[in-house]
Amino acid sequence: MSTTPVLQAEHLVKEFPVAGSGGLVTRGRTFRAVDDVSLTVAAGETLALVGESGSGKSTTARLVARLIDVTSGTVRFDGQDVTGLSGRDLHAFRREVQVVFQDPYSSLNPRHTVERIVTAPLLYQGRKPPGGSKRFTQSLMERVGLDPNQWQRHPAQFSGGQAQRIGIARALAVGPRLVVCDEAVSALDVSVQAQIINLLRELQREEGFSYLFIAHDLAVVRQIATRVAVMSGGRIVEAGDRDSVFDHPQHEYTRTLLGAVPRIRPEWEAARRTRAAERLAVRREPLDASPARTGA
Amino acid sequence: MTITPTELELTGAAEAALGGATDTVAPPPEVASGARALRSLRRDAGAVLSAGYIGLVVLMALFAPLIVRLSGWSPYEFDQSAIDPNLGGVPLGPWGGISSEHWFGVEPGSGRDIFARIVYGARVSMTIAVAATALTTVLGVTCGLLAGYLGGKSDQVISRVMDFLMAFPALIFMIAVLSALPASNRSALLVVIISVFGWPYLARIVRGQAMSLARREFVEAAQASGASGASIVFREILPNLRSTIIVMVTLSVPGYIGTEAGLSFLGVGVVPPEPSWGQMIASSVTWYSVVPTYFAIPGLFLFLLVLSFTVLGDRLRAVIDTGEAR
Amino acid sequence: MPRYLVGRIAAMAGVLLLVCLFTYAVFFLLSPDPAVQICGKNCTPDRIDQIRQNLGLDRPFWTQFFTFLGGLFAGRTYGEGANAVQCAAPCLGYSFQSSQSVTDMIVQRLPVSATVAIGAAVLWLLVGVISGLIGAVKEGTWVDRTLTGLTLGGLSIPNYVLALVLQYVLVVQLQWLPFPQAVPFGEDPGRWFLNFVMPWIVLAVGYAAGYTRLTRANVIDTLQENFLRTARAKGLAPRLIWRRHALRPALTPVVTVFGMDFAGLLGGALITETVFGLNGVGKMAADSIAKNDQPVIMGVTLLAAFFVVVGNVVVDVVYTFIDPRVRVAA
Amino acid sequence: MSLASTGTKRRAATGALTVRDLTVSFPTATGSVDVVSHLDLDLQPGGALGIVGESGSGKSLTSLAIMGLLPPKATRAGTVMLGTDQLTSMSEAQLRRVRGDRVAMIFQDPLSSLNPYYTVGAQIEEAYRSHRRGVTRRKAHQVAVEAMERVHIKDAARRVDHYPHQFSGGMRQRVMIAMALATEPELLIADEPTTALDVTVQAQILALLQEIRRETGTSLILITHDLAVVSEVTDHIVVMRSGVCVERGPVEAIFSDPQHPYTQGLLDAVPRIDDVIGDLRSLSPTGDHR
Amino acid sequence: ACGGGPSSGQTSGQTSGGGTSFSATPAKGGVVEVLQKADFSYLDPARGWDGGVNNFYRLVYRTLTTSAPGNAKDPNAIVPDLATGLGKQSDGGKTWTYTLKQGLKFDDGTPITSAEVKFGISRAWDPEIGIGSPYAKQVIAAPADYRGPYRSGDLPTIETPDPQTIVFHLKKPFPEFDAVVGQVNMTPFPKGSGAGDSFLKKIIASGPYKLASYTPGSVIQLERNPNWDPKTDDVRTAEPDGWRFTMGLDGATIDERLMAGQGADVNAISGTIQASTLPRLQSPQLKDRTLRMSGICTTYMSLNTTKKPLDDLRVRQAISFAVDKAAVQNATGGTQLATIATTTLPTTVAGHKDFDVYPSPGHKGDVEAAKKLLTEAGQSQGFPLVLDIRSDPKMQKQAEAIQQSLKRIGVDVQLNVIDSAKYYETIGTRSQQHDAAITGWCPDWASSAATFLPPLFYGPNILDKGNSNLAQLNAPAVNQQIEQIGAMTDLAAANKQWGDLDEQILKLAPIVPLNVEQAVYLPGSNVAGLFASPGAATGGIDYVLVGLRDPSKK
Ligand SMILES: Nc1ncnc2c1ncn2[C@@H]1O[C@H](COP(=O)(O)OP(=O)(O)OP(=O)(O)O)[C@@H](O)[C@H]1O
Ligand SMILES: Nc1ncnc2c1ncn2[C@@H]1O[C@H](COP(=O)(O)OP(=O)(O)OP(=O)(O)O)[C@@H](O)[C@H]1O
Ligand SMILES: [Mg+2]
Ligand SMILES: [Mg+2]
């Protein structure tokens, strides 16, 4: 195993101008959204970034994905400094890092077909889809569990969970080594959320890529992360192995965060599990034989 | 100014007032195929009638020379026998001299055929309005997109220019400039002047939309895919503005028709003897009580054309807005 | 807030300055030599030179522009010696064709324009807001559809066409109204009203139609707002819900648009005044354009721009009072 | 500060809600569609009922149907009884007296649910004054301040004069609750009151709801899609799916022994913070259809 | 009368239509309302000099002589006003002496003596003020560097031996000098007054009325001048107590108001009505109120003889033949508002001679003759011609009519529309004028053609700027004839010669006379004393005789 992590971010700082404070020529006040954040993601692992709204998670993700420029600090990919890349050089980096966003509808151009969306990264990087764009699209759709016959449809013709799969397919199109998931499951219903989490885990197993997984739902993080970093007020207040962070939180903030998560009483859970196991033993039936369609 | 505020301006103003608070959240208001939009427009009597009338005027403009050969009179030909020299040149006969010879009657004082002038006037009105629309659309969309997408200083600069142009009493200024400029090539000048003052209204709306689109995650997704700024603007954002632009364009055509007619009405439009509807209305002002048809015919043609475009634009927007097109 | 206001006013001054500069430059380039106009019929080249010198027309553009700006604030004197004419601040220029300061000319005609504008504004606000409300309440019914149709018609009819139609029907055929004349209110309120009624209608129709749509759309949108559901969930009386929770948010944008439209009108309702022969600022502008009386055109242009720009700022300021979100954010 | 600081205790034995055979339908091009059908609900005085279900399952429409606030196009059938009063047969004027006074509601998005043009104080007073005839301004103002204190808003006397946008998300939700509590309702319906909030804030709001219930005896209907939330707050649960109640019962029964496969699946899909499970169970393999 | 225009039959002077006697003598009192489109050019008579304002000046100013009142036997005549009689010539016509009447006063009561007359006249030399009538400077001798009383002091060449006598010395004999001292800029003013712009809004009146109020662009009100003594004035009757001029009105508005005749509008007069109003005057009441007066101005199209192919006489003649004057007449407003002109001098101007060198049936143009001439000139295939016109609807229509009629002989007329304000300046600049232009000319005094033909056709008069010889005709024979007639002292004989010269000139076709616009008035029913004055009112209503039938009517 190589010792160089896939991603290495050091002392990232991002400042935003405060709206309305500057004029046409004057420089306004700034607000520090990310304050001296350092993190590493090793190959094949999932680093989860958790924290409350406004703590700077998305900004960190954008910095790492080079969607915005750092105020200071460095981003290394495969040990190589990519902080200052631009133009063609950036394309090579874009091939390695892809992003999946929170809102499936907002992250898919409503005017484009699945084909156009999924092949866009190649298009923008001046590459040809291997095996033709239709074949390519369809194979990706199969990979993420979508009906390949719907390759000409528009995003609005898919449900939220399906749309999120299109977003994942797009990220897979370039064969990335790192996928940044910014709240990729937060907007979905529990059952759909479960599907997507499963899909992500499955893909990681098959492709071996790394995730920078951003979420505010700690329960989700627990299911998917190998390591966890907790952000608050633009800083990382605690980082470590998943189980050590969850089971032995060191920082006060982490403890508050964990304490606030609503839980189903463990004894009820336990009771349910045993009953379910019993039931399963009795009748091996499909869980949901006739999925009734919802009203819409 | 006193030219009726166009739909465009009102929409723009309202948008500005609301601070572009019309940011939609998922699921997106989908706008599907143009074919569907067309289909639901075809079920709408108002839209069909409007499109029909617009088509008629366009045909009239295109085939003006042919039509005029059929009707027998050129738009410039004097017919002294159709007017009464002893009564100030009033058309002979009732209804402004409407007869089998002159289908819409004749112009007082000269006896020129009103039908022929209407037909040729359609040319002027349509050419100027369409050219001005094309120019404003290019200007408005480009500037609006740039301001909305780039934001920051570019936005500030473009927005200030728009503020500045919109602060201008455009009508007065247009008239002043037109009257001071030489009369040659008036049509081109009209187009340029109308466009210079017209584009901010479209740009403001495009800017607002581009701004909210630029905040959508698909823009970031494209960026993460390696799209350049130009690709994002023209391949990702622009397609989403299609319906807005179609609607705004349809709604701005009547505005420009009205402006051209208004300027011609005020005597700074196209140069005589070239006919324009606005100019015909202007020259009918002194005659309206004696020869109502002289005023009513170009007035009606103009009103209907403006109305048709307005109705069509309105219906188009309704279809697109309510997602009827889905 | 004061800081914000200061910023707005500075920006406004900037825009106004640009408007001045732009207007001045355009007229400087386009218009015929004012000296020739002043000189009159039997003019000699010497005399033109002399006039030019007297008025500083031979000086460079920027000098002339700053003299003009100076005149705006401190007044200025045209010419020298016995023939000097004073133009008191705010001096928008001096019309040599009518031997009057442009400011005076505008001030004389402003009452007529204001009468036309205010009357029309009252009319279109009343008609527009009320019919917009009706349309929103009766959304989808035949009442709404009729209103929508009328609205489209109102938006589409060029105001000079409407003016002539009204004049033909109401004045020539039915003889219900007199041919419009600017009768001062003090002279005969009844006649004043009858004389201005047509200009008001003509000017108001397009706006009323626009406001109907705006109001209707805003009210319908507001009715979808969550806070309206809250208000109903609180068990408030319908009257209170309408007044406090529906109308205020729905009409706030109308106020903004109204401010700008009204400011735009103060520069003179050019077409309406011209068609009805009312001696307001708009007609003066039209006449001056016909006479090529450059200082007057420029003065009116600047005045109109001034109203629009100031109107914008006033609207912004008023907006900070009626919309608390803006107030505190600023 | 104690919730009992206002002193007035609620009338006893009220807040009981009985819903029978509630059906809500919308007309569509292809005939009318029932989005809530034949739903029965029972809530004891002082009880807490949780309604859970996925998006679009008809939870919100149920609450609106109870309040008589359905959109104009919707039609409603069935009966809703509050205590002994039948809400479904009341006139609009009578209903108005119930809404906001005996039954109060809290919505998901607190910013858009508060009118941005008025101070929060004004909006709380308004609710109070419209149900207490002849109340002076000062009294109403005082009630508003107290209500805000009750939901633990610091410096309430000053904050009443602030506008909604000047509050943070959690504070706004508190304001919403304060507004609902000002009239001391028998029944509080909270439709996804914490969905938009951070976990820590959510925990505070849920604690607040518990506290209120304990101290005022108000009964509560909590609507949410988060099973863990209902498990902490309510004592009875109704699981909805496509407008139909698939399962109902005491909270413990539902969570420890779900009967209906849907409920079971739903519970399987919930990610746990306490332990890691292999694959999360999902309800339909190819994803949900819209 | 004119060469066959269907409506003619009007003689010079005034004719009245219908049964209402507009020539009735008005009663004393009341206020006459005048509705007009534009404001007067200047209230200062040294500056203003046009048909509209000259007529107004006669109400407030007096001069040594003036045009005869409209009801005089010869309304074209020049009659004494401040002077006791016409001028006495000596020194071979180079010295003219006038004697002032007794008891003349300004509105402030100060007496008018020869010194005030001289002061007023000397204002014409001021470079800034003296922009009105040019005759004083052209005719009266003055030091070369004299620049008016405010800059150069007293004008030494005008003598005032006593308060009642004033003596002028001319540069050379000028037989019509009596008309020169009747020009509006010969108005007396108190010494030292009127410097700079001081007369632009306030004036010092010497006539029967003084200024009561003036709002530029909208209203002028006149009230009686108590210091005017009717016994000193044989020209003005001054029956009304005052006048109100309402300005800035639209032509259509004026006509509508006059037709409606409501309120004070019964006391109103105005300029000629619009063509479109004519068909509405068919009711007996309105017909009765219609009043026609003959115009004294010729509308013509000049042909620039320096441009090819217009330098060819045959081409110009062909154009003269081809123009459809009937169509132009219709464009002007039909037979009631214009009579077709075949001569340069209108019928109303002394010296008019009737002839038509390019006749055609019904004045519709003789296309055959024109084509023949063009063929002879080698232009049978036609040529383009740029016609300068003013941005004025009527003139545009006239131009379109010419465009259509010349199309018949293959001449492609392109209209060059020039802004009204710049029009005369542009066509009067030789480098800027094109092939042809439509314009008009009025005599400065109607008593002779001396102010008509020379400005238009005298070769040495061609100027680079401010040119009035638009054809740029420089025919030696014509020049010589003009000089010779101008020196004749027998005005009657001279007028006959002018008429002959007119025909001689038109044979050279430097211009195409189009028509003479006629006035049709619709005065209020209460107005009386309406007479035309060719001299003072360019053929329109002479204000000095106007009054109200019943002054109590409002
Ligand atoms: N483009 C920007 N301009 C100015 N401020 C910004 C910008 N983007 C983010 N911020 C600010 O930076 C801070 C961190 O934002 P960020 O989006 O990274 O938070 P987050 O942790 O992702 O929160 P959430 O869970 O709500 O998505 C916030 O206070 C936000 O307001
Ligand atoms: N105004 C309406 N017209 C037609 N259908 C509607 C309307 N409002 C809601 N529906 C439909 O009724 C069903 C139930 O909606 P409801 O809002 O009660 O769901 P919900 O359970 O509250 O979902 P969520 O968790 O997303 O809030 C949905 O399928 C929705 O599409
Ligand atoms: Mg985020
Ligand atoms: Mg809901």
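A residue is taken to be near a molecule if one of its heavy atoms lies within 4 Å of it. All views show a predicted model.

View 1. The residues around ligand 1 include Phe16(A), Phe31(A) and Ala33(A), together with Glu52(A), Ser53(A), Gly54(A), Ser55(A), Gly56(A), Lys57(A), Ser58(A) and Thr59(A). Glu183(A) also belongs to this set.

View 2. An N or O atom in the side chain of Ser53(A) is 2.6 Å from an oxygen atom of ligand 1. Gly56(A) is placed with a backbone N or O atom 3.0 Å from an oxygen atom of the ligand. For Glu183(A), a side-chain N or O atom is 3.5 Å from an oxygen atom of ligand 1. On its own, ligand 1 has 630 Å² of accessible area, of which the protein covers 62%. Two or more residues of the shell come from each of β2 and α1 of chain A; α1(A) gives the most, with 3 residues.

View 3. Gln8(A) has Arg76(A) of β4(A) opposite.

**View 4. The six-stranded sheet of chain A.** Chain A also contains an open sheet of 6 strands in the order β6-β7-β8-β3-β9-β10, and its pairing is mixed. At the edges are β6 (97–100) and β10 (235–241) of chain A, each of which pairs on one side only. On average, neighbouring strands of this sheet are turned by 15° against each other, direction ignored. Strands β3 (residues 46–51) and β9 (residues 227–232) of chain A run parallel and are joined by 5 bridges. Leu47(A) has Arg227(A) as its bridge partner in β9(A).

View 5. Glu33(E) is part of strand β1 (residues 31–35) of chain E. Its relative accessibility is 5%, and Glu33(E) therefore counts as buried, the cut-off being under 20%. Leaving aside residues up to four places away in sequence, Glu33(E) touches Arg244(E), Thr246(E), Ala264(E), Asn267(E), Ala268(E) and Ile269(E).

Definitions and conventions:
Residues are numbered from 1 along each chain as its sequence is written. Chains are lettered from A and ligands numbered from 1 in the order in which they are written. This is a predicted model: local features need pLDDT of at least 70, side-chain atom pairs count only at pLDDT 80 or more; totals for chains, interfaces and linings use all residues. Side-chain values use heavy atoms; hydrogens and water are left out. Two strands pair if DSSP finds at least two bridges between them. Helices (H or I, at least four residues) and strands (E, at least two) are DSSP runs, numbered from the N terminus. Buried means under 20% relative accessible area, exposed over 50%, partly exposed in between (1.4 Å probe, protein chains only). Contact means heavy atoms within 4.5 Å. Axes are lines fitted to C-alpha atoms, for helices over the stretch in contact, and angles run from 0 to 180 degrees between N-to-C directions. A polar contact is a pair of N or O atoms within 3.5 Å; within protein, one must be able to donate a hydrogen and the other to accept it, and residues adjacent in sequence count only if both atoms are side-chain atoms. Accessible areas come from the Shrake-Rupley method with a 1.4 Å probe; for residues, only the protein chains shown count as cover.
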